[in-house]
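Let's walk through this one with the coordinates open, going from a strand end to a helix, then the core and a charged residue in a loop.

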Amino acid sequence: MIDHVSVGTNDIIRAREFYDSVLSSIGMRLLQSDDHSADYGVASVLFSVETPLDGRPATRGNGVHIAFAVGTRELVETFHHTALAHGGRDAGLPGLRPEYDSHYFGAFVFDPDGNKIEAVTRSFQ
């Protein structure tokens, strides 16, 4: 089981502006923040945006992405719309992805640092 997931940023203020809006649109809330990180959560999941402590620039890995499970297709659409409205770039419009599962409904975006994130549901609604 995963305890937490972190992505790097070179601009924590910009990342907070993006994730404050995007994650609240799917029910996650800011738990704590400082000059180097912002932690968001719901239930037992922790998602963190951090500046690297080793002083090197944050970079993203090729092929890495993080999917947030949501309860409805409407929340997938809200996630995508909110991300684009706050500086994200489209990486896959909301829709069914039958190549993954016949009920897989997801949307993909790149955050302002280029990290790929997704909202997904297998709900019929």
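Start with Val-42, which sits in strand S3, residues 37–42. Keep in mind that this is a predicted model. Val-42 counts as partly exposed because its relative accessibility is 42%. Leaving out residues up to four places away in sequence, Val-42 touches Gly-27 and Met-28.

Now for helix H1, residues 12–24. With 13 residues at 1.5 Å each, H1 should span 18 Å, and its end C-alpha atoms are 17 Å apart, so the two figures agree. Which residues of H1 are buried? They are Ile-12, Ala-15, Phe-18, Tyr-19, Val-22 and Leu-23. Looking down the axis of H1, these buried residues fall within an arc of 125°, so they line one face of the helix.

What do the buried residues of H1 pack against? Here are the partners:

| Partner of H1 | Residues |
|---|---|
| Strand S1 | 4–8 |
| Strand S4 | 45–50 |
| Strand S5 | 65–69 |
| Helix H2 | 73–85 |
| Strand S8 | 116–121 |

Strand S3, the one that holds Val-42, is a packing partner of H1 too.

The largest nonpolar core has 24 residues, and Tyr-19, Phe-47 and Phe-68 have the most contacts inside it. H1, S3, S4, S5, H2, S7 and S8 each supply at least two residues of this core. The largest share, 6 residues, comes from H1. Phe-47 is worth a click: not counting residues up to four places away in sequence, its contacts include Tyr-19 and Phe-68, along with Val-5, Leu-23, Met-28 and Ile-66. Among its other contacts are Asp-39 and Tyr-40.

Last stop: Arg-97, in the loop between strand S6 (89–96) and strand S7 (105–110). Does Arg-97 come out buried or exposed? Arg-97 is buried, yet it has no salt bridge. The nearest side chain of opposite charge belongs to Glu-99, 4.7 Å away. Setting aside neighbours within four places in sequence, Arg-97 is in contact with Gly-92, Tyr-104, Gly-106 and Phe-108.

Note on methods: Residues numbered from 1 in each chain as written. Predicted model: local features only at pLDDT ≥ 70, side-chain atom pairs only at ≥ 80, totals over all residues. Heavy atoms only, no water. Helix = DSSP H or I, 4+ residues; strand = E, 2+ residues; numbered from the N terminus. Buried < 20%, exposed > 50% of the residue type's maximum accessible area, 1.4 Å probe, protein only. Contact = heavy atoms within 4.5 Å. Expected span 1.5 Å × (residues − 1). Arc of directions from axis to C-beta. Lys, Arg positive; Asp, Glu negative; His and termini not counted. Salt bridge = Lys/Arg side-chain N within 4 Å of Asp/Glu carboxyl O. Core = buried A, V, L, I, M, F, W, Y, C linked by side-chain atoms within 4.5 Å.
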